[in-house]
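Dear colleague,

Please find the sequence and the structure for your review below. I would be grateful if you could look through them alongside the notes that follow.

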Amino acid sequence: MTPGKATILEPPSAVPPAPTPAAETCSRSLLSVTALSLNDVSAILSLATQLEAEEPVARATRLARRRIALLFYESSTRTRTSFELAAKGLGADTALISSQSSSIEKGESLKDTGITLRALGAECIILRHLSSGAPYLLAQATGLPVLNAGDGMHEHPSQALLDLRTILRALGRPEDAPGETLLNGITVSITGDILHSRVARSNALLLPRLGAQVILCGPPALLPEVARELGPGIAIERDFDRALKQSQIVMMLRIQKERLAGVHIDLDEYTTRYQLHRERLRAGAPQAVVMHPGPMIRGLEITSEVADGPQSVIAEQVRHGVPIRMALIQRALEPAAGPRKVRAQAGAKKRGGAA
């Protein structure tokens, strides 16, 4: 696969398989939602709830002094900050590396940057990269657990997990036992720039496995017909009002202007046909839950009165990001704690003491 070329239009088989772990911890990477079983999803949601409820001082001892690198080649507010707060909430030390303030700016490759971070003591790398498939390459090169914080137009698995938690909380459905029927009877419409959205792809790959129907909605320039081949439980609807009338969950996406080279969109026409405003929401989905992964462009895909209205759980999505990402970090580093403790105990016994 050529980096940067994967989009929501590609089936999961187009993505390279997870590399064979060079170390035990690598098996705890999260590169794609397709690598998670429903038991994995259940365990992550349960751990997030446990960590959220834990007393902060006690929680901060879980990964005390463990080293986590946040490697961000693209700008980010929500994802980067919530991963950083999650790591620090577990007691870990973090180092933020951006492409504008490191050797990346001088042309250093992703592989060499990863090897450098490993040599400096990083035990886990959280990666956001402009090229689809970059997390697979980094995991293979370093043997470290890698958490995909968004790779090109491919996936954003932690966002899909926090979106799932938000949906379950909003619907009052159990989080501790996700199964194939958990979201039966629920239709989630995702509207906007589907073509370039890694969030749309991850949600479309995850939610139908739990029984949800996913409607992708947008103009042909932002949603080619081939998108329906992503998998079962996915439909395409060009008429936003028809999509709304079928939906219990309404997720809006921004138009990613930075990725629109060669794509012509009439923004006035787009706003008329696809903007979620109060009158349209009242007419089509008066009880629906409104979501948006951010960043929002108020006045384009969504109005402020809807984004800040009683049906919106947009702020809740952001809040759920911290416990979900705490769970992913704990999951990534937990396997190393066992052998380390065993070695410490063995050393203590040799010295005639106790660990």
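The notes below cover the cysteines, the nonpolar cores and one of the sheets.

Please bear in mind that this is a predicted model.

The structure contains zero disulfides. Cys124 is buried, its relative accessible area being 0%, and for Cys217 the relative accessible area is 0% as well, so that residue also counts as buried under the 20% limit.

The largest nonpolar core comprises 63 residues, and those touching the most other members are Ile126, Leu147, Leu161, Leu164, Leu183, Ile190 and Ile329. Both domain 1 (22–156 + 321–335) and domain 2 (158–316) supply at least three residues to this core. Another core, of 22 residues, lies apart from it and includes Ile215, Val250, Leu276 and Val306.

Leaving aside residues up to four places away in sequence, Leu147 touches Arg28, Ser29, Leu30, Phe83, Cys124, Ile125, Ile126, Leu127, Leu328, Ile329 and Ala332.

Turning to the sheet, five strands form an open arrangement in the order E7-E6-E5-E8-E9, with parallel pairing. Strand E7 (234–237) and strand E9 (289–291) each have a single partner strand, so one side of each lacks a neighbour in the sheet. On average, neighbouring strands of this sheet are turned by 20° against each other, direction ignored.

Within the sheet, strand E5 (residues 187–191) and strand E6 (residues 213–217) run parallel and are joined by five bridges. Ile190 has Leu216 as its bridge partner in E6. Helix H6 (residues 157–171) lies across strand E8 (249–252) and E9, and runs at about 160° to E9.

Yours sincerely

Definitions and conventions
Residues are numbered from 1 along each chain as its sequence is written. This is a predicted model: local features need pLDDT of at least 70, side-chain atom pairs count only at pLDDT 80 or more; totals for chains, interfaces and linings use all residues. Side-chain values use heavy atoms; hydrogens and water are left out. A disulfide is a pair of cysteine sulfur atoms within 2.5 Å. Buried means under 20% relative accessible area, exposed over 50%, partly exposed in between (1.4 Å probe, protein chains only). A nonpolar core is a set of buried Ala, Val, Leu, Ile, Met, Phe, Trp, Tyr and Cys residues joined through side-chain atoms within 4.5 Å. Domain bounds come from an automatic or database domain assignment. Contact means heavy atoms within 4.5 Å. Two strands pair if DSSP finds at least two bridges between them. Helices (H or I, at least four residues) and strands (E, at least two) are DSSP runs, numbered from the N terminus. Axes are lines fitted to C-alpha atoms, for helices over the stretch in contact, and angles run from 0 to 180 degrees between N-to-C directions.
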